[in-house]
Amino acid sequence: MITLIRNVDLFAPEPLGRQDILFAGGKVLAIGKQLTIQGEQVDEVDGTGMTLIPGLVDPLAHITGGGGEGGFHTRTPAMEFTEASLYGVTTLVGCLGTDSVSRTLEDLLAKAKGLKNEGLNVYCYTGSYAFPVKTLTGDIERDLLLVEEVIGVGEIAIADHRGSQLSVAELARVAAQCRVGGMLSGKAGIVFVHVGDGKSGLKILHDVAELSDIPLTQFYPTHINRSQKVLDEGIVFAKAGGMIDFTTSTNESCLASGEVPVVDAIRQAIEAGVSPDNISLSSDGNASLPVFNDRGELTSLEVGRVGSLFEALADCLKANMPLGDVLPMFTRNAANKLKLKGKGIIAVNGDADMVLLNSGFEIQSVWSRGLQLVKDGRAVVKGTFER
Ligand code: ZN
């Protein structure tokens, strides 16, 4: 199948104006004005008045579910295929969290492969919150070299009572193994770091960079908007060259307890002088979101959503941020950091992962590796057991 989208306002993610985009075999073949093609069956899409953006890249999603911190009944459900596709998220990195006993890496890998079979692009972090890092094959380097989907370690927890309270030397060792595994496998070998609201903040990352030969850029910390304190520390980390990640899944309880809304977090970081290239966003989809009452007692649990990534992008536009300025934070930045080749961009020879939006910024069509997942706002591909 050859598809030609005509006369669309292209953000690749940088704004390229009105263009035609030709794609087939999962790849973008040509971008230009008034492209012509002869002798083939071509599916033409009129993009007049519409906007085309790369499929969103989500560097942290609990695709097999997470939570469980209030007992077995609080384990959250796994992500369904359309929970990503209907929101324009075509690339995800799956991970484990607090629970690496009833949740396993084998199950995570199987889910990633399943979602890939169904049409998404899915990678995994090996490990979980815990140290020593649990792996699939015995150690971090072997996982990176031998398991296609594994691109790093994560989300290892720092500054959190649920983490393993690991030392500087221990984290340096994890990062070193991840770095060497990344070099040997041609992958990013990134240590994706869950930052809790504990008192030590990001200090251990700076300590590793100072006391060992591991650079700060080996780490990719997330939940940087969880409080003003963590955001302030994240700004320092990013200005030192690191990449910081904000979480888009939220609820009123999180915001009431001091979480910085994504739009404010981006604004503050940019105003403080952080390069826009050093900011990304992730959904933390299918993590549990606790709801507390006035007395601070847990009253119920909600579930994070991968779709919150697209909603956060829409919030940025509502706050008058130019699409060309914020879109890289939802697409190219994470893909670059994680060395996901051909992802988060629309470019010749890149993957045909694209989202077509109407003038009201509503999703009309989604393609992943050239396969159309959404048409006229409706899922045309669903997960195997979705109805
Ligand atoms: Zn986390």
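Predicted model: local features only at pLDDT ≥ 70, side-chain atom pairs only at ≥ 80, totals over all residues.
Q: In which sense do strand E14 and strand E15 pair, and over how many bridges?
A: Two strands pair if DSSP finds at least two bridges between them. Strands (E, at least two residues) and helices (H or I, at least four) are DSSP runs numbered from the N terminus. Here strand E14 (residues 288-292) and strand E15 (residues 298-303) are antiparallel, joined over five bridges.

Q: Which strands pair with E1?
A: Strand E1 (residues 2-11) pairs with strand E2 (residues 15-24) in the antiparallel sense through eight bridges. Leu4 has Leu22 as its bridge partner in E2, and three residues lie between E1 and E2 in their hairpin. E1 also pairs in the parallel sense with strand E4 (residues 42-46), over five bridges, where Thr3 is opposite Asp43. A parallel pairing of two bridges links E1 to strand E5 (residues 51-54), with Asp9 opposite Thr51.

Q: How many residues of strand E1 are buried?
A: Buried means under 20% relative accessible area, exposed over 50%, and partly exposed in between (1.4 Å probe, protein chains only). Seven of the ten residues of E1 are buried, so the strand is largely enclosed by the rest of the structure.

Q: What is the strand order in the open sheet of six strands?
A: The order is E6-E7-E8-E9-E10-E11, with parallel pairing. Strand E6 (56-61) and E11 are at the edges with a single partner strand each, so one side of each has no neighbour in the sheet. From one strand to the next, the twist averages 30°. Within this sheet, strand E8 (residues 121-126) is joined to E9 by three bridges, and Tyr125 is opposite Gly152 in E9.

Q: Which strands does helix H4 lie across?
A: Contact means heavy atoms within 4.5 Å. Axes are lines fitted to C-alpha atoms, for helices over the stretch in contact, and angles run from 0 to 180 degrees between N-to-C directions. Helix H4 (residues 168-185) lies across E9, strand E10 (190-195) and E11, at about 170° to E9. Helix H9 (residues 308-318) also packs on the sheet, where it touches E6 and strand E7 (89-94) and makes about 125° with the direction of E6.

Q: Which residues coordinate the zinc ion?
A: Donors are N, O and S atoms within 2.8 Å of the metal (3.2 Å for Na, K and Ca); water is not among the atoms, so sites may look incomplete. The zinc ion is coordinated by Glu155 (OE), His194 (ND1) and His223 (NE2), at 2.0 to 2.2 Å. Along the chain, the donors have the spacing E-x38-H-x28-H. Glu155 is in strand E9 (residues 150-158) and His223 in the loop between strand E11 (219-222) and H6, 68 residues apart. Both Glu155 and His223 are buried.

Q: At what angle do the axes of helix H6 and helix H8 cross?
A: Two packed helices are described by the angle and the distance between their axes. For helix H6 (residues 228-239) and helix H8 (residues 262-271), the axes come within 10 Å and cross at roughly 35°. The contact is made by Gln228, Leu231, Asp232 and Ile235 of H6 with Ala265, Gln268 and Ala269 of H8.

Q: Where do cis peptide bonds and positive phi values occur?
A: Most peptide bonds are trans, and most residues other than glycine have a negative phi. Ala12 and Pro13 are joined by a cis bond with omega of about 5°, and Pro13 is in the loop between E1 and E2. The bond from Phe131 to Pro132 is also cis, with omega near -5°. Ala159 has a positive phi of about 50°; this residue is buried, at 11% relative accessible area. Arg369 has a positive phi near 50° and counts as partly exposed at 34%.

How values were computed. Residues numbered from 1 in each chain as written. Heavy atoms only, no water.
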